[in-house]
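Thanks for coming. Please have a look at the sequence and the model first.

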Amino acid sequence: MKRISYFLILLIAIGQSLLAQESIFPRGIKAPNVHHTGDIWLSHLIDADDTFDWNVAQAVSAPGAKLDWHLHPKGQQLLITHGVGYYQEKGKEVQVVRAGDVVKCLPGVEHWHGAAPNSPVTYLAISGNAPTQWTEKLTDEAYNAIPVPEERSAGVKEKIKNLSKQKWQWMADKNVDSLAVLFPR
Ligand code: MN
């Protein structure tokens, strides 16, 4: 019994330290699956006020998580801080985005963003202060038809990818949000 508790604590510690690489800011709460499929954690970092007319939020997406088609009446900029994801505007090709990339979504342009199937993605979203308009569901068929982005090198990269996959699965299974209270920041 004691051994099991130690093991559990070790697992949680590993999960927390791996997590630290994926989100600089608090990971926030797991968003309910209303306008997306898969697991996405949202953290509202800055709310618009009388001086600054935009909101800043961090989104941490598990591999395969994707938003539905939507638009921002006052536009949005995405700063990719970790992992590999997708961005697509209506009628255009899917773009693969990686940590360090910046995406500008012009006001009113319909688009979606999400993680690649083989990698999580984290980004900061800077959005003009107007409610997002959700337009239509992004189907699994459309998402699955996108060619999976290539890994930059095999071997170690492959191992990290598998570890990451296992971790995300573990987090999803265990509902780590409820365990987070054990580790106050
Ligand atoms: Mn958007």
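This is a predicted model: local features need pLDDT of at least 70, side-chain atom pairs count only at pLDDT 80 or more; totals for chains, interfaces and linings use all residues.

Leaving aside its neighbours within four places in sequence, which residues is Gly 114 in contact with? They are Ser 61, Ala 65, Lys 66, Leu 67, Gly 85 and Tyr 86.

Gly 114 sits in strand 10, which covers residues 111–115. Is Gly 114 buried or exposed? Gly 114 counts as buried because it has 26 C-beta neighbours inside 10 Å, and the cut-off for buried is 20 or more. One of its contacts, Gly 85, is 29 residues away along the chain, yet the two C-alpha atoms are separated by 5.5 Å.

Lys 66 lies in strand 5, residues 66–67. Lys 66 is buried too, because 24 other C-beta atoms lie within 10 Å. Apart from neighbours within four places in sequence, Lys 66 is in contact with His 36, Thr 37, Gly 38, Trp 112, Gly 114, Leu 138 and Tyr 143. As for Asp 39, it is 27 residues from Lys 66 in sequence and 8.6 Å from it in space, C-alpha to C-alpha.

Now the whole chain. How many helices and strands are there? The secondary structure comes to 4 helices and 12 strands. The chain has 185 residues, and buried ones make up 24% of them. Take the contacts between residues at least 6 apart in sequence: 72% of these join residues at least 24 apart.

Next, how some of the strands pair. Strand 1, residues 29–30, is antiparallel to strand 3, with 2 bridges. In that pair, Lys 30 is opposite Trp 41. Strand 3 also pairs with strand 4, again antiparallel, this time over 6 bridges. Two places to look at there are Ile 40, which faces Ser 61 in strand 4, and His 44, which faces Ala 57 in strand 4. Strand 4 in turn is joined to strand 11 by 8 bridges, and these two run antiparallel. Val 56 stands opposite Ile 126 of strand 11. If you follow the pairings on the screen, you can go from strand 1 to strand 3, from strand 3 to strand 4, and from strand 4 to strand 11.

Strand 7 and strand 8 are a separate item on my list. They run antiparallel and are joined by 4 bridges, strand 8 being residues 95–98. The bridge partner of Tyr 86 in strand 8 is Val 96. The two strands form a hairpin with 5 residues between them, and Gly 91 in the turn has a positive phi of about 80°.

Last, the largest nonpolar core. Which of its 19 residues touch the most other members? Those are Val 121 and Tyr 123. At least two core residues each come from strand 3 (40–46), strand 4 (54–61), strand 7 (76–89), strand 11 (121–128) and helix 3 (156–174). Strand 7 gives the most, with 5 residues.

Neighbours within four places in sequence aside, Val 121 is in contact with Ser 61, Ile 80, His 82, Gly 83, Val 84, Gly 85, Ala 115 and Ala 116.

Notes
Residues are numbered from 1 along each chain as its sequence is written. A nonpolar core is a set of buried Ala, Val, Leu, Ile, Met, Phe, Trp, Tyr and Cys residues joined through C-beta atoms within 7 Å. A residue is buried if 20 or more other C-beta atoms lie within 10 Å of its own, exposed if 12 or fewer, and partly exposed in between; C-beta atoms are placed from the backbone. Two residues are in contact if their C-beta atoms, placed from the backbone, lie within 7 Å. Two strands pair if DSSP finds at least two bridges between them.
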